[in-house]
Amino acid sequence: MANFPFAEIRTPGNGVRRKVPQLFHTPSIRNPEPMLNPADVEARIERFPHQCRDAGLKVTHQRIAIYGMLVSTGRHPTPEEVYSEIRTQLPSISLATVYKVLDQFCQHGFLRKVLTETQVARYDANLSPHHHLVCSACGTILDVKTEGAMEGLSVSAENGFRVSHYDVIFHGQCAACLETSRP
Ligand SMILES: [Zn+2]
Ligand SMILES: [Zn+2]
């Protein structure tokens, strides 16, 4: 596990050292901040090896690196984006392996897949209830926090339908694209 690039950051005040993955340091409109706060990210990374063992998956550098990347970004990357980022840390990894790991993570509920109009899978490690804003110009996906996640779905009970999960996507244009398209 020592290979995975964690930065040790000393928090001002209490002197607690935080280990934060070094992969996504520069939030921007195209690389949004994760909705999870750094403490949640750290807790989830620490929990990850246990989750793997519970799911019967071996704890490997590849799995740790991919999970660490996804849990610390808010940008909902495609498999190719995961691959090009992870390759800088683990040069021998293949795109096929990245696909396989992402698939396994979804099967075990470690990630959710966000399906947009493009049919290109985008992956999200934030499992707390939220909706998505998808920019039809640049493909940026932003999280929207939701309170009381299932409002409006009580009708499903009347149909005898039990909802297991849901996907809500708001389509439109992000602030950056609106800015550049302005005359
Ligand atoms: Zn955009
Ligand atoms: Zn999301």
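pLDDT is the predictor's confidence in each residue, from 0 to 100. The views below all show a predicted model.

**View 1**
The mean pLDDT of the chain is 79. A value of 70 or more is reached by 74% of the residues. Helix α4 has the highest confidence, with a mean of 96. Strand β1, residues 6–10, has the lowest, with a mean of 40. Residues 1–30 have pLDDT below 50. Even so, this stretch makes 51 contacts in the model beyond near neighbours in sequence.

Trace the chain along its sequence. The order is β-β-α-α-α-α-β-β-β-β-α-β-α. The chain has 183 residues, and 21% of them are buried. Now take the contacts between residues at least 6 apart in sequence. Of these, 54% join residues at least 24 apart.

**View 1. The largest nonpolar core has 18 residues.**
Which residues touch the most other members of this core? They are Ile66, Tyr67, Leu70, Val82, Leu102 and Leu111. Helix α2 gives the most, with 6 residues. In soluble globular proteins, nonpolar side chains tend to be buried together.

**View 2. Tyr67 is one of the core residues that touch the most other members.**
Leave aside residues up to four places away in sequence. Tyr67 then touches Phe48, Phe105, Phe110 and Ala125.

**View 3. Strands β3 and β4 form a hairpin.**
Strand β3 covers residues 112–115, and strand β4 covers residues 121–124. The two strands run antiparallel and are joined by 4 bridges. Leu115 stands opposite Ala121 in β4. Between the strands lie 5 residues. In this hairpin, Gln119 takes a positive phi near 70°. In a regular strand the side chains alternate between the two faces of the sheet.

**View 4. Thr140 sits in a loop.**
The loop lies between β5 (130–135) and β6 (141–145). Is Thr140 buried or exposed? Thr140 counts as buried, because it has 21 C-beta neighbours inside 10 Å. The cut-off for a buried residue is 20 or more. His76 is 64 residues from Thr140 in sequence. In space, the two are 8.2 Å apart, C-alpha to C-alpha.

Terms used. Residues numbered from 1 in each chain as written. Chains lettered and ligands numbered in written order. Predicted model: local features only at pLDDT ≥ 70, side-chain atom pairs only at ≥ 80, totals over all residues. Buried ≥ 20, exposed ≤ 12 C-beta atoms within 10 Å, placed from the backbone. Contact = placed C-beta atoms within 7 Å. Core = buried A, V, L, I, M, F, W, Y, C linked by C-beta atoms within 7 Å. Pairing = 2+ DSSP bridges.
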